[in-house]
Amino acid sequence: MICLAIRIFIDQGHNPSGPNTGAEGNGLREQDITYAVGLYLAGLLRDDPRFEVRQSRNTPDEVLGTSNSTSLAARVRAANNWPADYFISIHCNSNPNPAINGSEVYVYRTNSQPYWLAQHVLNGIVARTGTKDNGVRLNPALYVLRRTQMPAILVELAYLSNQEDARRLESDPFGFAQGIYNGLLSYFGFAPL
C-alpha cells in the first residue's frame, strides 16, 4: 500500500519590506512574526513523515511580488502549481482599540473542509498559547481563500495592538506553530509522533 504524504503550503503573510508589508504594534512587525511561526511550523511538519511542506517565504528577507496584488498572486500560484493539498496563510491582527485580543481563523465558506480544518487549528492555538478564542469567521473576499485550488485557511494568530497578545507572539512563536500543528494532527485524526 502506497501512503502519500499530505502536502501543506505555509504562506507566511506579508513581505519584510517593499510591497505588502504587514501591521505593526508594540514594537513588533507582522511579517517577522509570520515568518518565524511559519518556519517553526515547517520544521514540525518536516519532522513528521505524514506531511510534506513548502513555504511562501524561504528566507526572512524574501520579497514576493512588486505590489499587493502580485504578492498575493505569487503565494497562491506557488501553492496551486505544487499542487498543495492544504493552504495555511499565517497573519497577525491589529485593531485601533488595544483591548481587542485573541485568535481567529478565516475561511471562504462555512460547513466546508476548510471550515472544519480552521476549527481544529483554532482550538490547537488557543489550547497551546492561551489566547482568546474569537471563532472561525467567514471572509470570501480574501484573495488567498478565493484563488487557491485546495482547502485554504487564513490564521490570525493574535493582535499586535494588544499588549498581552504581543507579548505572547514575541516570547513564544514556536507555541503558535505547535498550536497549528496540533490542530492539523487533530483534524486528520493523527496521533502525535
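Student: Let's start with S112. Buried or exposed?
Tutor: S112 is buried, at a relative accessible area of 11%. Buried means under 20% relative accessible area, exposed means over 50%, and partly exposed lies in between, with a 1.4 Å probe and protein chains only.

Student: What should I know about the model first?
Tutor: It is a predicted model: local features need pLDDT of at least 70, side-chain atom pairs count only at pLDDT 80 or more, and totals for chains, interfaces and linings use all residues. Residues are numbered from 1 along each chain as its sequence is written, and side-chain values use heavy atoms, with hydrogens and water left out.

Student: Where is S112 found?
Tutor: In the loop between β6 (103-107) and α3 (113-129). Helices (H or I, at least four residues) and strands (E, at least two) are DSSP runs, numbered from the N terminus.

Student: How far apart are S112 and A23?
Tutor: They are 89 residues apart in sequence. In space, C-alpha to C-alpha, the distance is 29 Å.

Student: Back to β6. How many of its residues are buried?
Tutor: Five of the five, so β6 is largely enclosed by the rest of the structure. S103, V105 and V107 lie on one side, E104 and Y106 on the other, and both faces are covered.

Student: How many bridges join β6 to β7?
Tutor: Four, and the two strands run parallel; β7 spans residues 133-138. Two strands pair if DSSP finds at least two bridges between them.

Student: Which residue in β7 is the bridge partner of Y106?
Tutor: R137.

Student: Now β5. How many of its residues are buried?
Tutor: Eight of its eight, over residues 86-93. Y86, I88, I90 and C92 point one way. F87, S89, H91 and N93 point the other way.

Student: In which sense do β1 and β5 pair?
Tutor: Parallel, over five bridges, with β1 covering residues 6-12. Within that pairing, F9 has F87 in β5 as its bridge partner.

Student: And β5 with β8, over how many bridges?
Tutor: Six, again in the parallel sense; β8 is residues 152-159. I88 has I153 in β8 as its bridge partner.

Student: Which residues does Q12 touch?
Tutor: Leaving out residues up to four places away in sequence, Q12 touches T34, Y35, G38, L39, Q55, S56, R57, R75 and I90. A contact means heavy atoms within 4.5 Å. Q12 sits in strand β1 and counts as buried, at 0% relative accessibility.

Student: What is phi of N20?
Tutor: Near 65 degrees, a positive value in a residue other than glycine. N20 lies in the loop between β1 and β2 (24-25). N20 is also buried, with a relative accessible area of 11%.

Student: And phi of N26?
Tutor: Near 50 degrees, also positive. N26 is in the loop between β2 and β3 (28-29). N26 counts as partly exposed, at 43% relative accessibility.

Student: Why flag these?
Tutor: Most residues other than glycine have a negative phi, and most peptide bonds are trans.

Student: Zoom out. How many helices and strands are in the protein?
Tutor: Six helices and eight strands. Along the sequence the pattern reads β-β-β-α-β-α-β-β-α-β-α-β-α-α.

Student: What share of the residues is buried?
Tutor: 53% of the 193.

Student: And how much of the contacts comes from residues 24 or more positions apart?
Tutor: 79% of the contacts with a separation of 6 or more.
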